[in-house]
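Subject: Structure handover

Hello,

Here is the structure for you to look through. My notes follow below it.

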Amino acid sequence: MASSHGATDNEHLVQSADPDHPANLICSLCRKFYTLGWVTGTGGGTSIRHHDHIFIAPSGVQKELMQPTDMFVMDFNKREYLRKPTVLKPSACTPLFLAAFTRGAGCCIHTHSQWAVLVTLLVERDFGKDTCFEIQEIEQIKGIPKGRGKVGNLGYYDRLRVPIIENTAHEEDLTESLEEAMEKYPDTYAVLVRRHGIYVWGDNVHKAKTQCESLDYIFQLAVEMKKLGLPWTK
Ligand SMILES: [Zn+2]
């Protein structure tokens, strides 16, 4: 990776009055995700691809206080930083975000949602490791696309499957197993990480955000269903 020459390098890349500029969008998304409990304690992250530029929230910054000037910007093709604030650390999620962008995503969201974590524990306890999360006949499944290159979203009677990978001591070490899960489940737009959280991506910011919301709703419902002894599948 190329290094930058100072904290203000290429500041024009992240300064815009447009609320839909990626640097501004990441800040507003992180504030929303913070209130949902998805990114508390500086956990989680968000990245947006805009043409050949990847905008990435930094590591270790309180998500609700994030500023556009905190953003890292990478050239997607060269994999070099165009902007690297010197006082901040790049996100350990960066190679995982790049894996999603390589598969055509426009935005990738990583949360430490407790519902996602609980679902990974329930699947392990009741179905074992090497098993994905599966659920059907829940209306909110319609918020999830059928798969890459396929038209439309899942239907009410379709089965939603979300692969689960095992956690590692360091976030960046998840990259290989995330990529393996993406290959094994080519239709998925999300990968759960056991005892950790979830990576969700979409064709654009709107889709990644709504899919992340739909999945979190489904995971919360699944946890409550389990408490009541209700099955996830028929
Ligand atoms: Zn994480």
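**Two loops with positive phi**

Arginine 79 sits in the loop that runs between strand S3 (72-75) and strand S4 (80-83). Before going on, please note that this is a predicted model. Arginine 79 is not a glycine, yet its phi is positive, at about 55°. Its relative accessible area is 31%. That falls between the 20% limit for buried and the 50% limit for exposed, so arginine 79 is partly exposed.

A second residue of this kind is aspartate 130. Its phi is near 60°, again a positive value in a residue other than glycine. Aspartate 130 belongs to the loop between H3 and strand S6 (133-136). Is aspartate 130 buried or exposed? Its relative accessibility is 76%, so aspartate 130 counts as exposed.

**The zinc site**

Which residues coordinate the zinc ion? They are His110, His112, Glu171 and His196. Along the chain, the donors follow the spacing H-x1-H-x58-E-x24-H.

Histidine 110 has 0% relative accessibility, so it counts as buried. Histidine 112 has 28%, so it counts as partly exposed.

**Cysteine 107 and its surroundings**

Strand S5 covers residues 107-111, and cysteine 107 is part of it. Cysteine 107 has a relative accessible area of 0%, so it is buried. What does cysteine 107 touch, leaving out residues up to four places away in sequence? The list is Ser47, Ile48, Phe101, Val200, Trp201, Gly202, Asn204, Val205 and Ala208. Tyrosine 199 is 92 residues from cysteine 107 along the chain. Their C-alpha atoms are separated by 11 Å.

Helix H2 spans residues 94-102 and is mostly covered. How many of its 9 residues are buried? The count is 7. Glycine 104 follows H2, and its phi is positive, near 95°.

H2 packs with helix H4 (residues 175-184). The angle is about 20°, and the axes are 9 Å apart. An angle under 35 degrees counts as roughly parallel, so H2 is roughly parallel to H4. The crossing of the two is right-handed. From H2, the residues in contact are Pro95, Leu96, Ala99 and Ala100. From H4, they are Thr175, Leu178, Glu179 and Met182. By class, this contact has 6 nonpolar, 1 polar and 1 charged residues.

Glutamate 180 also lies in H4. Its relative accessibility is 48%, so glutamate 180 counts as partly exposed. Isoleucine 165 is 15 residues from glutamate 180 along the chain. The C-alpha atoms of this pair are separated by 9.2 Å.

**Helices H3 and H5**

Helix H3 (residues 114-127) packs with H5 at an angle of about 45°. Their axes are 9 Å apart. The two helices are therefore oblique to each other. H3 passes H5 in a left-handed crossing.

Where do they meet? H3 brings Trp115, Ala116, Leu118, Val119, Leu122, Arg125, Asp126 and Phe127. H5 brings Asp216, Phe219, Gln220, Ala222, Val223, Glu224 and Lys226. By class, the contact has 9 nonpolar, 1 polar and 5 charged residues.

Serine 214 is another residue of H5, the helix of residues 205-227. At 5% relative accessibility, serine 214 is under the 20% limit, so it counts as buried. Leaving out residues up to four places away in sequence, serine 214 touches Gln140, Gly143 and Ile144.

**Where to start**

Then turn to the pairing of H2 with H4 and that of H3 with H5.

Best wishes

Conventions: Residues are numbered from 1 along each chain as its sequence is written. This is a predicted model: local features need pLDDT of at least 70, side-chain atom pairs count only at pLDDT 80 or more; totals for chains, interfaces and linings use all residues. Side-chain values use heavy atoms; hydrogens and water are left out. Donors are N, O and S atoms within 2.8 Å of the metal (3.2 Å for Na, K and Ca); water is not among the atoms, so sites may look incomplete. Buried means under 20% relative accessible area, exposed over 50%, partly exposed in between (1.4 Å probe, protein chains only). Helices (H or I, at least four residues) and strands (E, at least two) are DSSP runs, numbered from the N terminus. Contact means heavy atoms within 4.5 Å. Axes are lines fitted to C-alpha atoms, for helices over the stretch in contact, and angles run from 0 to 180 degrees between N-to-C directions. Angles under 35 degrees count as roughly parallel, over 145 as roughly antiparallel, 65 to 115 as roughly perpendicular and the rest as oblique. A crossing is left-handed if the near helix is turned anticlockwise from the far one by less than a right angle, and right-handed if clockwise. Ala, Val, Leu, Ile, Met, Phe, Trp, Tyr, Cys and Pro count as nonpolar, Asp, Glu, Lys and Arg as charged, and the others, Gly among them, as polar.
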